[in-house]
Amino acid sequence: MSGSDVTKAGLRDARPGREAAPSGTLERPRRRGRGEQPMVPDASFSSYYGKLVLNQPTWEARDIAGYLFLGGLAGAGSVIAAGAHLTRRPGLARALKCGAAAAGGLSLAALVHDLGRPLRFLNMLRTIKPTSPMSIGSWLLAGYMPAAAAAAASDLTGRMPRAAAAAAAAGPAVATYTAALIADTAVPAWHDGHRHLPFLFAASAVTAAAGLGLAAAPRAENEPVRRLGVAAGSAELIIESLMKHQMGMVAGAYEEGRAKQLGQAARALAVSGVLTAGLAGHRSRPAAAAAGAALLAASALTRFAIFDAGLNSAADPRYTVIPQRLRQRQRLANADGGAAGASHPGRAASSCSPAPY
Amino acid sequence: MQYIRAASVLQLLLGNIGRPGGGILALRGHASIQGSTDIPTLYNLLPGYIPMPHAHPEEDLDKFVAGSSTDKGYWGNMRSYLVSLLKAWWGDAATAQNDFCFGYLPRLTGSHSTYETVQAQMEGQVKGYFVVGENPAVGSANAKMQRLGMAALDWLVVRDFSLIESATWWKDGPEIESGELTTGDIGTEVFFFPAAAHTEKSGSFTNTQRMLQWHHQAVDPPGDARSELWFYYHFGRIIRQKLAGSGDPMDRPLLDLTWDYPTAGPVAEPDADAVLAEINGRNAKGEPLASYEQLSDDGSTACGCWIYCGVYTDGVNQAARRTSAKEQSWVAPEWGWAWPANRRIIYNRASADPDGQPWSPRKALVWWDAEQEKWVGHDIPDFTASKPPWHQPPDDATADEALSGTDAFIMQADGKGWLYAPAGLTDGPLPAHYELQDSPFPNLLYPQQRNPVRQVLPGEHNRYHPSPSEPESAVLPYAITTYRLTEHHTAGGMSRWLPYLAELQPEMFCEVSPALAAERSLEHLGWATIITARGVIEARVLVTDRIPPLRIQGRTLHQIGLPYHWGPNGYTRGDAANELAAIALDPNSHIQEVKALSGDIRPGRRPRGAARAELVAEYQRRAGITPQTGTEVRDGR
Amino acid sequence: MAGDPRLLLEADGDPASASGYPEHPPRMGFFTDTSVCIGCKACEVACKEWNHVPEDGLNLTGMSYDNTGGLGADTWRHVAFIEQPLRVGPPDGAHDGAAAGGAGGGVRWLMSSDVCKHCTHAACLDVCPTGALFRTEFGTVVVQEDICNGCGYCVPACPYGVIDQRKDDGRVWKCTCATTGSARARSRPAPRPARPTPSSSARWMSCGNGPMRGWTSCTAPGLPTHVCTAGTRTTGWAGTGRSSCCSTSPMYTVCRRTRW
C-alpha cells in the first residue's frame with residue numbers, strides 16, 4: 001500500500017507502495033543461487049514459452065545462400081583468372097573470367113530478387129556505412145561487377161586487357177565480405193563463428209573457383225587450379241571443423257535437419273573432389289571435370305548448410321540464451337576472482353524459474 | 001451485497017469512514033455506473049435517490065413525502081428536493097395547487113426490475129422495449145430468457161454502435177440455430193438505431209467517487225449515428241408534436257413537460273450544457289443555484305437532481321474543470337465536481353473528534369476553526385459549515401437542523417453510522433453469510449442455506465440446482481466463477497468488434513487447474529463443454545495454476561473460471577457465459593447473482609441443434625431438478 | 001556519411017551527437033517498471049492505434065493471457081505474462097481453505113512490457129545499407145519507409161528480435177517511439193518533480209547519476225534481454241518525450257525518463 005501523512009498543512013512524505021504480496025506465502029528464495037554458480041547450463045532450460053528470441057532471417061535460401069556461393073565463386077574466380085592471365089593460361093583465364101562475370105550477374109539477380117522492394121535496389125548506394133558489411137559489399141559489388149564483366153568482355157574481344165586487374169583487386173573482398181555480413185548478426189550459428197567464417201568463406205570460394213577451373217579449363221592448364229582445389233578443399237574441411245569445435249553447443253545447429261544433410265553431402269563432395277583432383281586431376285580430362293564439379297557442388301552445399309544452420313540456431317532459443325548465460329557466469333566468476341558467495345547486483349534469470357527477489 | 005454491508009460495518013468499527021484513506025471504494029462495472037443511479041436508469045428511483053411512488057390510491061405529495069422521508073437528517077428536506085424536481089420537469093404547469101404535478105409521475109405497480117420485466121415480457125404483458133447501450137442477450141443472467149422475452153414483444157428498439165446480439169437474436173441467435181424459435185414466427189418488430197460514441201457527443205461521467213467529469217464532443221458521429229440525448233429529445237419532441245392539441249388528460253404529462261432545450265448543428269443536437277444547467281437548478285429569477293441547501297418546497301426553485309445542485313454554480317460547468325494537479329492541493333477540488341457540493345469525502349465530519357480536531361494529525365481532513373467559527377480543511381466539510389462541534393439541537397428541530405455538532409452521518413435520520421440497520425433493508429439488520437443460489441457447498445455458518453428473502457423467478461427456463469444436501473447435487477459438482485478480462489468490456493459490444501482488442505483476447509475460454517483438467521480429461525487449448533440446468537456452452541481450455549482447487553471441510557472443490565464477454569456476434573465470437581446463469585436476485589438491489597454458480601464440465605465441443613437443449617434436459621433429469629428445486633425459503637441442510 | 005565509426009570505439013557514446021545532432025535535447029529513456037505492470041495492454045493498443053499498425057491475427061496462444069506472442073513487424077509493444085509457482089514455507093500438506101493441489105504455494109503472475117530498445121549501439125542501425133534506419137535527434141532509431149528496400153539485414157541483426165519484415169509489404173517495420181508527438185516535448189526541459197510521485201514507479205534519472213540500483217545496460221553484449229535486478233525487471237531504452245504507450249500506461253509502468 002502506498003502511504004503518506006495528511007497533516008493540517010497538507011500532504012507529507014508520500015511513499016510509493018511496495019509490491020503487494022501475492023496469494024500464498026512468499027518465502028524469499030534462499031540465496032544459494034548467488035553463491036554457487038553452476039558452470040553447466042540448466043538441464044531444464046526453457047525460454048518464454050519456448051518462443052524464439054530472435055526474428056528469423058527473412059532471406060530465401062535460394063537467393064542468399066546461392067549468392068554466398070556465386071559471390072565467392074566470382075571473387076575468387078577473378079583473382080585466379082588474373083593469375084592465369086599472367087602465367088599465360090588463356091583457356092583457364094577465359095573460363096574463370098567468364099565464369100566470374102556470369103556468377104556476378106546471377107549474384108546481382110539473386111540479391112535484387114530477394115529484396116522486399118526489388119525496384120528500390122539502387123537505394124543500396126544512397127550511403128556508405130562502414131559499420132554495415134552489406135553497405136560495404138554493395139559498393140564493392142558496384143565496382144566489381146562492371147569490372148568482372150569488362151574482364152570477360154576484354155578477354156573475348158581483346159580490348160582493355162587491364163580490366164581483369166580491377167576485378168582481381170576487388171576479388172578477395174568480394175569473396176569474403178559475405179562472411180562478415182552474416183557473422184555481424186545475432187544469429188548464433190553465424191555470429192559465434194565470426195573468427196573462422198571469413199577464412200572458411202575464402203577457402204570455399206577458392207574451392208569453387210578452382211572447381212570451375214578444373215571443369216572448364218584444358219587439362220594442360222589446370223595444374224594451378226588442381227593444387228588450389230586440393231588445398232582449398234582441405235582447408236575448407238579443416239576450418240569448418242575448427243569453427244564448430246570452438247562454437248560449443250551452438251555447433252548443434254549444424255547437426256539438425258537439412259543443415260546436417262547438406263553439411264554431410266558437402267563434406268563428402270569436398271573429400272571426393274580433393275581426392276579426385278589430387279590423384280587424377282592431372283591425368284584425365286574427365287577426372288578433372290568430375291573433381292571440378294564435386295568441388296563446385298561442395299562449395300555450394302557448404303554455403304547452403306551454413307545458411308540452414310543459421311536458421312536452425314535462430315529458431316531455437318537455447319542457442320541464444322544458454323551461451324549468454326555461460327558467458328555471464330564466466331564474467332561473474334572472473335569478477336569475483338572465483339570466490340563463491342559474492343553478491344552482484346545483476347543476475348541473469350530464467351524467465352520461467354523463480355527469480356531471486 | 002453481504003460483503004459490501006460487512007465491509008461497511010468493519011470500516012465503521014475501525015473508524016475509517018470520512019477520513020483520508022478510509023471508506024469503501026467499489027470497483028464498478030463501467031465509467032458512469034454511479035451516474036446511472038444518480039440520474040437513475042433504475043425503475044424504482046427518481047433523481048437523487050428519491051423513491052419512485054407506487055400506485056397507491058389517494059397518495060398525494062404530502063402523504064408520499066411523509067411516508068418516504070425522515071424527520072431528521074437531510075432527508076428531512078425531501079419535499080424541497082422533490083418539488084424542485086417536479087418544477088424542473090413541468091415548469092410553469094407545476095403549481096402548489098396541483099401538487100406540482102406530482103400526479104404526472106408514473107407509478108410503480110410492483111417490482112419492475114429488468115428481470116421481472118423479462119418475465120412479464122414472456123407472459124405477454126410488455127408491448128415494447130428500448131434496449132439502449134446494453135446487451136442483455138449476452139450481459140444479463142439467463143441469456144435465453146432475455147431472448148425469449150424479446151421474442152414476445154410487439155416492438156423492440158436497440159441503440160448501439162454495432163449489431164449486438166440483442167439486435168439480431170431473431171435471425172441468428174442460439175434459439176434459431178437450435179430450432180426453438182423460427183425467424184418467420186417471431187412477431188417482434190426490431191428497430192436498430194446506430195449510436196454515437198462518447199467522443200462524438202458531449203456529456204458527463206459520474207464515477208464511483210461521485211465525481212462528475214465532463215467530456216466534450218471531439219468529432220461528429222458518422223452517418224446516422226446519434227447520441228442518446230439527440231434520440232430522446234427528438235423522440236419526445238415528435239411525440240409531443242403528434243399529441244399537440246389533444247384534450248385527453250392522459251396526454252398532459254407529456255405536453256406539459258419543459259422540453260425546450262436549445263439545439264445546434266446540422267442534426268440539431270441538443271445542448272448538453274443546457275441539460276446540466278437544468279439538473280443543477282435555478283431560482284425563481286432563473287439564476288443558477290449553488291447548493292441543495294437553497295432548494296425550497298414552495299415552487300420557487302427548480303432542480304433536476306438535488307445531489308447535483310452546484311455542478312453549474314455561477315453558470316459555469318463545474319464538471320468540465322481540468323485544473324492541473326500542480327496548481328491545486330492533493331484533494332484536487334478543481335478537477336471535475338463531486339456531489340454533494342463538491343465534497344470529495346462524504347461524512348468527513350467523522351475525520352474530526354467531538355471537539356472538532358482531527359482524530360490523528362496525520363489524517364487531517366476537516367476541522368473546526370474557532371477563530372473563523374466554521375469548519376475548514378482540505379476538503380469541503382460535509383456538514384453545516386457554521387455548526388460548532390458542541391452544538392445541541394432543540395427538541396423540536398427537524399431535518400438537518402435536528403443534527404448535533406457530532407452527527408457526521410448527515411443523511412441518516414439520527415446522524416449516526418449504522419452498524420445495525422433497523423430499517424431500510426429487506427433481509428436483515430446485519431450482514432449474514434448465505435450460500436449462493438446454486439452452490440456445491442452447504443452453509444457452514446448457519447442452518448439457512450440461501451438468503452430466505454432472495455428473489456427467485458421459477459419457470460421452465462430458469463431451473464435452479466439442488467441443494468448440496470441432496471445426493472443429486474454431485475451431478476453439478478464444480479464451482480463456476482464468472483469474471484471480466486481487461487481487454488474486453490461487459491457484454492462485448494464495445495470491445496469484441498474492435499480488431500485491436502479482439503486480438504488481445506481472441507476467443508472465449510475457461511480456466512481450470514491442472515487437477516481439474518486431469519479429472520475431466522481437459523487439454524490446454526482444447527475445447528470444453530460447460531453445463532448447468534439453464535444451458536450449455538463451449539469454450540477453449542486454459543490450464544492454469546491461478547484457478548486453484550479449494551479444500552473445504554475435507555473435500556476438494558474445483559473451480560472453473562469463465563469470462564463473460566463473448567457472444568455470437570462481432571469480430572471475435574463465442575458462447576456467452578450467461579447462458580449458464582439463473583435469475584436469482586438480491587432482495588434489496590434486485591441484482592442478479594452470476595458471479596458464482598455450480599455446474600459441470602466435460603471435454604469437447606458442445607452439441608449443435610436440438611441436441612443442445614437435450615443435453616441440458618438430460619442434466620436436469622440426472623440432477624432430479626423439478627420446478628420447486630432451489631426455490632425453498634427456509635431450508636436446513 | 002552515416003554511422004560514425006567513433007561509435008564503434010566508444011563504450012558509451014553520445015549517439016545523437018554522433019549521428020549529426022550536436023545540439024540535441026536531453027536524451028530520454030523509457031523505464032518500464034515490471035513490478036507495477038498490471039498487464040492491461042493499454043500500451044499495446046495505444047501503439048497500434050497511434051501508428052496504424054495492423055491487427056496481426058486472432059490467435060489464442062495459451063501463453064497465459066499473452067495472445068500477442070512477441071515483437072514483430074505488426075507488434076511493436078508486447079506484454080509478456082508469466083505464471084510463476086511460489087514455494088510455500090515448510091511443506092506440510094494443504095490446510096482447510098488453502099489452495100490445494102496444483103502449485104501448492106500459489107502463483108505469482110508477472111507481466112512485463114517489451115519494446116524496441118532504441119539501443120545506444122543499435123545493431124539494426126549499424127547494418128542497414130540504405131540508410132533507411134537512422135537515429136533521430138532524440139536518440140531514437142527509426143525506419144524511413146520510403147527508403148527501405150526490404151533487404152532484411154536488420155532482422156537477424158537485432159538481438160532482441162524486434163524488427164521484422166511485413167510480408168505483403170516487403171519493408172521492415174518497428175517501433176518509432178511515436179516520434180510524431182515528440183515535437184512538443186522538445187521545447188520543454190525534462191520535468192523533474194519536486195518530490196517523488198507517490199503511486200507511480202517514477203524514478204527520474206539524469207545522465208551522469210550512474211546506473212540505477214542493480215541496473216545493467218541492456219546494450220551490453222552477451223546479456224539476455226531482461227536483467228532481473230533486485231526484484232525489478234527493467235528494460236531501458238533511449239526514447240523521447242511523450243509516446244503513445246507511456247501516455248496510456250495507467251500504472252506509469254511505461255514512464256518517460258531521462259536516461260542514465
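Predicted model: local features only at pLDDT ≥ 70, side-chain atom pairs only at ≥ 80, totals over all residues.
Let's start with the helices. Two packed helices are described by the angle between their axes and the distance between those axes. In chain A, take helix H3, residues 90–114, and helix H7, residues 197–216: they pack at about 125°, and their axes are 9 Å apart. Angles from 65 to 115 degrees count as roughly perpendicular and those over 145 as roughly antiparallel, so H3(A) and H7(A) are called oblique to each other. Their crossing is right-handed. Which residues of H3(A) and H7(A) make the contact? From H3(A) we have A:Leu92, A:Ala95, A:Leu96 and A:Gly99, and from H7(A) there's A:Ala209, A:Leu212, A:Gly213 and A:Ala216. Of these contact residues, 6 are nonpolar, 2 are polar and none is charged.

Now over to chain B. Here we find an open sheet of 3 strands, ordered S6-S7-S10, and the pairing is antiparallel. S6 (203–206) and S10 (337–338) of chain B sit at the edges with a single partner strand each, so each has one side without a neighbour in the sheet. Strand S7, residues 211–215 of chain B, is joined to S10(B) by 2 bridges, and B:Leu212 has B:Trp337 as its bridge partner in S10(B).

Last stop: strand S15, residues 509–512 of chain B. Are its residues buried or exposed? Both faces are covered: B:Phe509 and B:Glu511 on one side, B:Cys510 and B:Val512 on the other, all buried. S15(B) pairs in parallel with S17 (residues 536–543) of chain B, through 4 bridges. In S17(B), B:Val543 is the bridge partner of B:Val512.

Technical notes
Residues numbered from 1 in each chain as written. Chains lettered and ligands numbered in written order. Heavy atoms only, no water. Pairing = 2+ DSSP bridges. Axes fitted to C-alpha atoms, helices over the stretch in contact; angles between N-to-C directions. Parallel < 35°, antiparallel > 145°, perpendicular 65-115°, else oblique. Left-handed = near helix turned anticlockwise from the far one by under 90°. Contact = heavy atoms within 4.5 Å. Nonpolar A, V, L, I, M, F, W, Y, C, P; charged D, E, K, R; others polar. Buried < 20%, exposed > 50% of the residue type's maximum accessible area, 1.4 Å probe, protein only.
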